[in-house]
Amino acid sequence: MKKIEAVIRPTKFEDVKTALEEIGMVSMTVSEVKGRGQQKGVRQQWRGAEYVVDFFPKTRIEMVVPDEKVDEVVSAIVRAAQTGQIGDGKIFVVPVERVVRVRTGEEDDRAL
């Protein structure tokens, strides 16, 4: 099993969610986060004062999937989230050793 963590533009979330649903992936955890990468920061003025905005709103999607679904899930996220501009996001894939469904005690693939 692998945990897929995708950090994307908030405006692309609905597209990504739809793309994942189309391949049968409906279980996910979603968080509103802030971050930065190559975007660094931008200078803005507000009421005559200049300030730097260096963290941007992002949406983080986390899901655990069977090994054989990883490439399909990653491809779906990339297709749906990509704009071609800096700030499109990142996808991280990490191993998961164990999953337990709290309600039933089922483990691993049965718990997904």
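This is a predicted model: local features need pLDDT of at least 70, side-chain atom pairs count only at pLDDT 80 or more; totals for chains, interfaces and linings use all residues.
I started with the contacts of Glu-62 (contact means heavy atoms within 4.5 Å). Leaving aside neighbours within four places in sequence, I found Glu-62 touching Lys-3, Ile-4, Glu-5, Met-28, Thr-29 and Ser-31. Residues are numbered from 1 along each chain as its sequence is written, and side-chain values use heavy atoms, with hydrogens and water left out.

Next I looked up where Glu-62 sits, and it lies in strand S5, residues 56-65. Helices (H or I, at least four residues) and strands (E, at least two) are DSSP runs, numbered from the N terminus. Glu-62 counts as buried because its relative accessible area is 17%; the cut-offs are under 20% for buried, over 50% for exposed and partly exposed in between, with a 1.4 Å probe and protein chains only. I also noted a polar contact, at 2.9 Å, between the side chains of Glu-62 and Lys-3. That term means a pair of N or O atoms within 3.5 Å; within protein, one must be able to donate a hydrogen and the other to accept it, and residues adjacent in sequence count only if both atoms are side-chain atoms.

Then I turned to Val-74, which I found in helix H2, residues 70-81. Val-74 is partly exposed, because its relative accessible area is 22%. Not counting residues up to four places away in sequence, Val-74 touches Ile-4, Ile-91 and Val-93.
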